[in-house]
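Take a moment to look over the sequence and the model, and then let us walk through some of the links inside.

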Amino acid sequence: QVQLRESGPGLVKPSQTLSLTCTVSGVSITTSNFYWSWIRQPPGKGLEWIGALAYSGSTYNNPTLMSRTSMSGDTSKNQFFLYLSSVTPEDTAMYYCARVSYSGTYYYGMDYWGEGTLVTVSS
């Protein structure tokens, strides 16, 4: 049973860094061919992919956000993290973590998602 759960502060002040944790159970984040992604959805808007941490430790970023995005993992706790710096109210969104399954020859998609956590950027 693969499960993901987001956690972190629900309120962040403008100019500060948004920090989130995704705790994974049922599979190791170091398992080959899995990529651990962050996605967000501002109120009333569509989904936006932020980036992903690969099983190897490599990171992949949405170019729109990459200058403000940092991702890392803690294999001992089976967690991965998102840091989004210099936030503004436009960063207010539901933030999700999800698993990407990619074999190297076929992209299976994001097969497991956390339920999401709302982060509000406001002073």
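This is a predicted model: local features need pLDDT of at least 70, side-chain atom pairs count only at pLDDT 80 or more; totals for chains, interfaces and linings use all residues.

In total, the structure holds 4 salt bridges.

Arg40 takes part in two of the pairings described here: with Glu48, the closest N and O atoms are 2.8 Å apart, and with Asp91 the closest N and O atoms are also 2.8 Å apart. Because Arg68 lies in the loop between β6 (59-61) and β7 (69-74) while Asp91 sits in the loop between β8 and β9, the pair ties together parts that are 23 residues apart in sequence.

## Buried or partly exposed?

Are Arg40 and Asp91 buried or exposed? Both of them are buried. The relative accessible area is 6% for Arg40 and 2% for Asp91. Arg68 has a relative accessibility of 22%, so this residue counts as partly exposed, since the cut-off for buried is under 20%.

## The disulfide

Next, look for the cysteines. The structure has 1 disulfide, and it joins Cys22 to Cys97, with an S to S distance of 2.1 Å. This pair also links distant parts of the chain: Cys22 belongs to strand β3 (residues 18-25) and Cys97 to strand β9, 75 residues apart. A disulfide is a covalent bond between the sulfur atoms of two cysteines.

The link of Cys22 and Cys97 is right-handed, with 65° about the S-S bond. Both cysteines, Cys22 and Cys97, are buried.

## The nonpolar core

Which residues have the most contacts inside the largest nonpolar core? They are Leu18, Trp38, Phe80 and Tyr95, in a core of 25 residues. Several strands contribute: β3, β4, β5 (48-54), β8, β9 and β11 (117-121) each supply at least two residues of this core. The largest share, 4 residues, comes from β3. In soluble globular proteins, nonpolar side chains tend to be buried together.

## A closer look at Thr92

To finish, find Thr92 in the loop between β8 and β9. With a relative accessible area of 15%, Thr92 is buried. Not counting residues up to four places away in sequence, Thr92 touches Pro42, Pro43, Val119, Thr120 and Val121.

What does the side chain of Thr92 reach at 2.9 Å? That is the backbone nitrogen of Val121. The side chain of Thr92 also reaches the backbone oxygen of Pro89, at 3.0 Å. Gly114, by contrast, is 22 residues from Thr92 in sequence and 18 Å from Thr92 in space, C-alpha to C-alpha.

Definitions and conventions
Residues are numbered from 1 along each chain as its sequence is written. Side-chain values use heavy atoms; hydrogens and water are left out. A salt bridge is a side-chain nitrogen of Lys or Arg within 4 Å of a carboxyl oxygen of Asp or Glu. Buried means under 20% relative accessible area, exposed over 50%, partly exposed in between (1.4 Å probe, protein chains only). A disulfide is a pair of cysteine sulfur atoms within 2.5 Å. A nonpolar core is a set of buried Ala, Val, Leu, Ile, Met, Phe, Trp, Tyr and Cys residues joined through side-chain atoms within 4.5 Å. Contact means heavy atoms within 4.5 Å. A polar contact is a pair of N or O atoms within 3.5 Å; within protein, one must be able to donate a hydrogen and the other to accept it, and residues adjacent in sequence count only if both atoms are side-chain atoms.
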